[in-house]
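Please keep the sequence and the model open side by side while reading.

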Amino acid sequence: MRIFILSVIVSVVLQTTAGYTEEAKAGENESPIKVEMRLLNAAFINLINALVLNNPKAIEEPFHEVHKAKANTEKAIKKGGLKLPKNSDKMKQFIEMDERFHKEMEALIVASRKGDMKKVQDMTHKLLDGCVQCHTMFRN
Ligand code: HEC
């Protein structure tokens, strides 16, 4: 009986974990940019918390997931399979904006490693401008 209950618990836990992973990975036909954006959104919210609570060490980790997701977006761009909601024919400009944004993210991470919260704050403002600028052009 105890083993039975235990195995029920284990299977419920496993199913729940699998569900979360599935959600993060997104559906078959979902645009890789949406997946990247949701991870970026989470990393950015975490960044704002870390900034206002003066906790530089908490900043970097969620950006690693964004970095991994970017590789998938790049693959889709190379295959010509990335469709943007707006101005999809201006892919060159999108790539340039994306590259600039990712360079700024790297500068942010370097500043967070040094515990330079003044620079972190400046980069956070810059990044926010970058979100709005790119969305205005390619999404909204
Ligand atoms: C270089 C361009 C670019 C930058 C920079 C950018 N985004 Fe996006 N984002 C997009 C595009 C394009 C979409 C629309 C994707 C689609 O609907 O296919 C999008 C969609 C989103 C979505 C909706 C995802 C969904 O599931 O529909 C969120 C949330 C988001 N971005 C957050 C952010 C945040 C936060 C930042 C800044 C920290 C940011 N983005 C910076 C291009 C960008």
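## Basis of the model

The model is a predicted one, in which local features need pLDDT of at least 70 and side-chain atom pairs count only at pLDDT 80 or more, while totals for chains, interfaces and linings use all residues. Residues are numbered from 1 along each chain, as its sequence is written.

## Overall architecture

Helices (H or I, at least four residues) and strands (E, at least two) are DSSP runs numbered from the N terminus.

Of the 140 residues in the chain, 13% are buried. Among contacts between residues at least 6 apart in sequence, 62% join residues at least 24 apart, where two residues are in contact if their C-beta atoms, placed from the backbone, lie within 7 Å.

Ala 69 is found in helix H3, which runs over residues 61–78. At 1.5 Å a residue, the 18 residues of H3 should span 26 Å, and the end C-alpha atoms are 27 Å apart, which agrees; the expected span of a helix is 1.5 Å times one less than its number of residues.

Phe 63, Val 66 and Ala 69 are the buried residues listed for H3. Seen down the axis of H3, its buried residues fall within an arc of 115°, so they line one face of the helix, the arc being that of the directions from the helix axis to the C-beta atoms. On the other side of H3, Glu 61, His 64, Lys 68, Ala 71, Lys 75 and Lys 78 are exposed. The cover over the buried residues of H3 includes H2 and H4.

Leaving aside residues up to four places away in sequence, Ala 69 touches Pro 32, Val 35, Glu 36 and Leu 39, and with the same exclusion Val 66 touches Glu 36, Leu 39, Leu 40 and Ala 43. The C-alpha atoms of Ala 69 and Pro 32 are separated by 7.4 Å, although these residues are 37 residues apart along the chain. After H3 comes Gly 80, with a positive phi near 75°.

## Helices H4 and H5

H4 has 24 residues and reaches 35 Å from its first C-alpha to its last, close to the 34 Å expected at 1.5 Å a residue. Its buried residues are Met 105, Leu 108, Ala 111 and Ser 112, and what covers them includes H3 and H5. Just after H4, Gly 115 takes a positive phi of about 70°.

H5, with 22 residues, reaches 31 Å between its first and last C-alpha, close to the 32 Å expected at 1.5 Å a residue. The buried residues of H5 are Val 120, Met 123 and Thr 124. They cover an arc of only 110° around the axis, which puts them on the same side of H5, whereas Lys 118, His 125, Asp 129, Val 132 and Thr 136 are exposed on the other side. The buried residues of H5 are covered by elements that include H2 and H4.

In soluble globular proteins, nonpolar side chains tend to be buried together. Here, the largest nonpolar core has 14 residues, and those with the most contacts inside it are Leu 39, Ala 43, Val 66, Leu 108 and Val 120. H2, H3, H4 and H5 each supply at least two residues of this core, and H2 gives the most, with five residues. A nonpolar core is a set of buried Ala, Val, Leu, Ile, Met, Phe, Trp, Tyr and Cys residues joined through C-beta atoms within 7 Å.

## The shell around the ligand

The ligand is surrounded by 21 residues, of which the closest are Met 37, Asn 41, Asp 98, Cys 131 and Cys 134; a residue is near a molecule if its C-beta atom, placed from the backbone, lies within 6 Å of it. Helix H2 (32–52), helix H4 (91–114) and helix H5 (117–138) each supply at least two residues of this shell, and H2 gives the most to it, with seven residues.

By class, the shell has 13 nonpolar, four polar and four charged residues, where Ala, Val, Leu, Ile, Met, Phe, Trp, Tyr, Cys and Pro count as nonpolar, Asp, Glu, Lys and Arg as charged, and the others, Gly among them, as polar.

How values were computed: A residue is buried if 20 or more other C-beta atoms lie within 10 Å of its own, exposed if 12 or fewer, and partly exposed in between; C-beta atoms are placed from the backbone.
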